[in-house]
Amino acid sequence: MKPENLLKNRDGLSPVIGTVLMLLIVILIGAALAVSLLGGENEEKLTPAPLANLRVSEYNNTTLKIDHNGGDVIEFDNSRTSVILNVAEKNYLLNVSTLGSFRAGENKLLPLKDREGNSVPTKAEDAATVKVIDLGTQKPIFTQEIRFTEGYEPETINQSEPAVEYQSGITGYYYQGVSFSGTAINHTDSRLKLAENTYASASLYGTDIENWPYGILATTDSFSVVYEGLIKIEQDSSYTFYLTSDDWAQLYIDGNPVITESSSSVRHSKTTNTGTLSLPAGYHQIRVEMKEYAGTSILRLEWTSESFSRCFVENFYHEVSSM
Ligand SMILES: [Ca+2]
Ligand SMILES: [Ca+2]
């Protein structure tokens, strides 16, 4: 029987269509229930609100300067982020579309204009509240109550606790054995200037001996360390890194290899390898891997750019979440 004939045969078809419809309705209700029960929770897990440490650092009657002091990149786009300015008991939804991506270490000038292009009337001594809201999750990223001071840092009356803070230092994860596995012992250091204090290496090359390896691992042979954190770049420039190690070390920035060894099982005496790359101002992820098999062990990370001569990297930070 052809389908069109089936449809015409009302007596024979009704129960079939009825059953199919019932099944469809049951499936649709089930799917809708599943989405409503699970969807919200999953959505929250998949897309957490961005965490960022923002702060209004300057006011004049046409702009607010906002500093990004750490955390996630915030997309300043009217469809993704709202900035609400409350002043003289009125709320203004500011036009943020000209600002674009806002990353840690940057500052941006936010025009005091609403989305219709009207200037927001403000003056020095006004009390105001600035709220930044993530539209994807409808969660506030940042709130600051301020009193405007013309051309200067406004007085902060109150502000939300920063969701994330950057503290100085890079964290090392120390492992027994050379495979970066097992239980790590953590230690946060201000720079990588390390040499084993047996043999002559410590006195020859200098070392922050309290950081490594004594006092952290029970062994000074057969260990591996991964340092992870952030490096703050003060200005857009080309930077050359010098990574000195015994027996093996590699450097990654923002996940990209900058200095690598030819093989994971290389063992060499004190060797300095270099890598050069351009970095924009702001915070960047940094990772240093090091292995010591036996004998002397050394690790040093230095750098240079057109604006400073070779020295130890000390612009390290690590993220501390208060959520
Ligand atoms: Ca050793
Ligand atoms: Ca060695």
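Helices (H or I, at least four residues) and strands (E, at least two) are DSSP runs, numbered from the N terminus. This is a predicted model, in which local features need pLDDT of at least 70 and side-chain atom pairs count only at pLDDT 80 or more, while totals for chains, interfaces and linings use all residues. Residues are numbered from 1 along each chain as its sequence is written, and chains are lettered from A and ligands numbered from 1 in the order in which they are written.

**Confidence**

- The chain has a mean pLDDT of 84, and 83% of its residues reach 70 or more.
- The pLDDT is below 50 over residues 1–13, a stretch with three contacts in the model beyond near neighbours in sequence; two residues are in contact if their C-beta atoms, placed from the backbone, lie within 7 Å.
- Where pLDDT is low, the predicted coordinates should not be read in detail.

**Overall composition**

- The chain contains three helices and 23 strands.
- Of its 323 residues, 28% count as buried; a residue is buried if 20 or more other C-beta atoms lie within 10 Å of its own, exposed if 12 or fewer, and partly exposed in between, with C-beta atoms placed from the backbone.
- Of the contacts in the chain with a separation of 6 or more, 63% are between residues 24 or more positions apart.

**A five-stranded sheet**

- Five strands form an open sheet with antiparallel pairing, in the order β5-β4-β8-β9-β10; two strands pair if DSSP finds at least two bridges between them.
- Its edge strands, β5 (90–93) and β10 (155–159), each pair on one side only.
- From one strand to the next, the twist averages 25 degrees, where axes are lines fitted to C-alpha atoms, for helices over the stretch in contact, and angles run from 0 to 180 degrees between N-to-C directions.
- Seven bridges link β4 (residues 81–87) and β8 (residues 127–134) in the antiparallel sense, with Ser 82 opposite Ile 133 in β8.

**Nonpolar cores**

- The largest nonpolar core has 33 residues, and Phe 241, Leu 251 and Val 288 have the most contacts inside it; such a core is a set of buried Ala, Val, Leu, Ile, Met, Phe, Trp, Tyr and Cys residues joined through C-beta atoms within 7 Å.
- Strand β15 (residues 223–233) gives the most to this core, with five residues.
- Not counting residues up to four places away in sequence, Phe 241 touches Leu 251, Val 258, Ile 259, Thr 274, Gly 275, Leu 301 and Trp 303.
- Another core, of 25 residues, lies apart from it and includes Leu 51, Tyr 59, Phe 76 and Tyr 92.

**Backbone geometry**

- Most residues other than glycine have a negative phi, and most peptide bonds are trans.
- Asp 246 and Asp 247 are joined by a cis peptide bond, with omega about 20 degrees; Asp 247 lies in the loop between β16 (237–246) and β17 (248–253).
- Ala 88, in the loop between β4 and β5, has a positive phi near 50 degrees; Ala 88 is exposed, with 12 other C-beta atoms within 10 Å.
- Glu 125, in the loop between β7 (107–111) and β8, has a positive phi near 80 degrees; Glu 125 counts as exposed, with 10 C-beta neighbours inside 10 Å.

Note on methods. pLDDT is the predictor's confidence in each residue, from 0 to 100.
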